Amino acid sequence: MEPVISKPALTAETAPQPAPSLLLESSFPREMIRYSTLGLEDQIKASLKPWQCYYCGECSSQCPRQANPGELMMSLRRWLTAKYDWTGFSGLLYKSVYLTISAFLLVFAALMAFAVNIDFELSKMVHFGHYFEMIAIGSVFAVFLLPNIIRMWWFVIGKPKVKVPLKSYFTAIGELFVHMFTQKRYLGCDDNQFRWLEHFILVISYLTLLFTTVFLNWFSSTNLFIIIIGYLESLLVFIITVDFVSDRLKKKKEVSKNAQPSDWFFVIWMVLLGFTGLIVRLSIDLHILEKNSWIYLIHFIILAQWAVVIVPFGKWTHFLYRSFAMYMTKLKV
């Protein structure tokens, strides 16, 4: 759901101006609420505060006006994701669950047509699937994610003419990787150590599983160490994302109370990725995959939908933009 950014009915010249103290106000989350209320889109695009919010839920639960600022920050992150995306697809998919489902169905139809064309031959599917993963990683990053990160930089640093010494781009790079791998700002939330631990394990498991399947060729490997590592990574991804789904169903935490379709697609597809990956490898080790090629086909379809729809245009991008937001925050200091 795209956030509602109200447009002021009056012009900039005739609209009542906020008091100087309000103009100087930079505390979280009042500044972003004011920008949203006044429809100040350029200021929102130039701000990193929506990404600095990790949705602890404290501001929403303690807000005397029940304004739910935490959900506003979440909505602003979706809106910013749409603005960073040069293709415009992210905004369209956020707005329409039917369009997202249509994208999933299109990927499904394409892979079914491919499978029929090769007569569901397992070796060809596995071979193509392995190279698809490698090509997808490079293509999605080069064609979609990298240009979007550059657009993010333009909105935050380039257009506002923030002066950043060239040296800082190199000295601050550690901030990018620290936040990308540890998501350590979760620890700033009260009583949230377990949530941080889950996210930390999930990020490490997901990235190492990606490396294991793509570069160590987990499904074709006969190396016992690689096989066991792959099982462990897949199992961790599956268990943790099942817990995330459970939390969203229970809706006891602030972060789970207003889950949007994009949130659900993200966690459900991660569950399916972990589960089907486990089933494929188990079928290989039990020597039953050859006669049940549909098992791999299901995994391949889910993988392709994840790589083509969710990674470049869905909530997965929040992980990337949040990490770069921490990096750019360091640059602006």
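Me: Is serine 90 buried or exposed, and how do I read that?

Reply: Buried means under 20% relative accessible area, exposed means over 50%, and partly exposed is in between (1.4 Å probe, protein chains only). Serine 90 has a relative accessible area of 1%, so it is buried. Keep in mind that this is a predicted model, where local features need pLDDT of at least 70, side-chain atom pairs count only at pLDDT 80 or more, and totals for chains, interfaces and linings use all residues. Residues are numbered from 1 along each chain as its sequence is written, and side-chain values use heavy atoms, with hydrogens and water left out.

Me: Where does serine 90 sit, and which residues is it in contact with?

Reply: Helices are DSSP runs (H or I, at least four residues), numbered from the N terminus. Serine 90 belongs to helix H7, residues 89-95. Contact means heavy atoms within 4.5 Å. Setting aside neighbours within four places in sequence, serine 90 is in contact with Thr81, Ala82, Asp85, Pro312 and Phe313.

Me: How do I read a pair of aromatic rings?

Reply: You describe it by the distance of the centres and the angle of the planes. Rings of Phe, Tyr and Trp (its six-membered ring) pair if their centres lie within 6.5 Å; planes under 30 degrees apart are stacked, over 60 edge-to-face, and the rest tilted. That rule gives 24 aromatic pairs here. One of them joins phenylalanine 89 and phenylalanine 313 edge-to-face, with 5.4 Å centre to centre and 85° between the planes. This pair links distant parts of the chain, 224 residues apart: phenylalanine 89 is in helix H7 and phenylalanine 313 in helix H16 (residues 293-313). Phenylalanine 89 is partly exposed at 43%, while phenylalanine 313 is buried at 9%.

Me: What about tyrosine 296 and phenylalanine 300?

Reply: Their pair is tilted, with 6.0 Å centre to centre and 35° between the planes. They are four residues apart in helix H16, so about one helical turn separates them. Tyrosine 296 is buried at 3% relative accessibility, and phenylalanine 300 is buried at 0%.

Me: Which residues touch the most other members of the largest nonpolar core?

Reply: In soluble globular proteins, nonpolar side chains tend to be buried together. A nonpolar core is a set of buried Ala, Val, Leu, Ile, Met, Phe, Trp, Tyr and Cys residues joined through side-chain atoms within 4.5 Å. The largest one has 82 residues, and Met152, Tyr296, Trp306, Ile310, Trp316, Phe324 and Met328 touch the most other members. H16 supplies the largest share of this core, 14 residues.

Methods:
Helix = DSSP H or I, 4+ residues; strand = E, 2+ residues; numbered from the N terminus.
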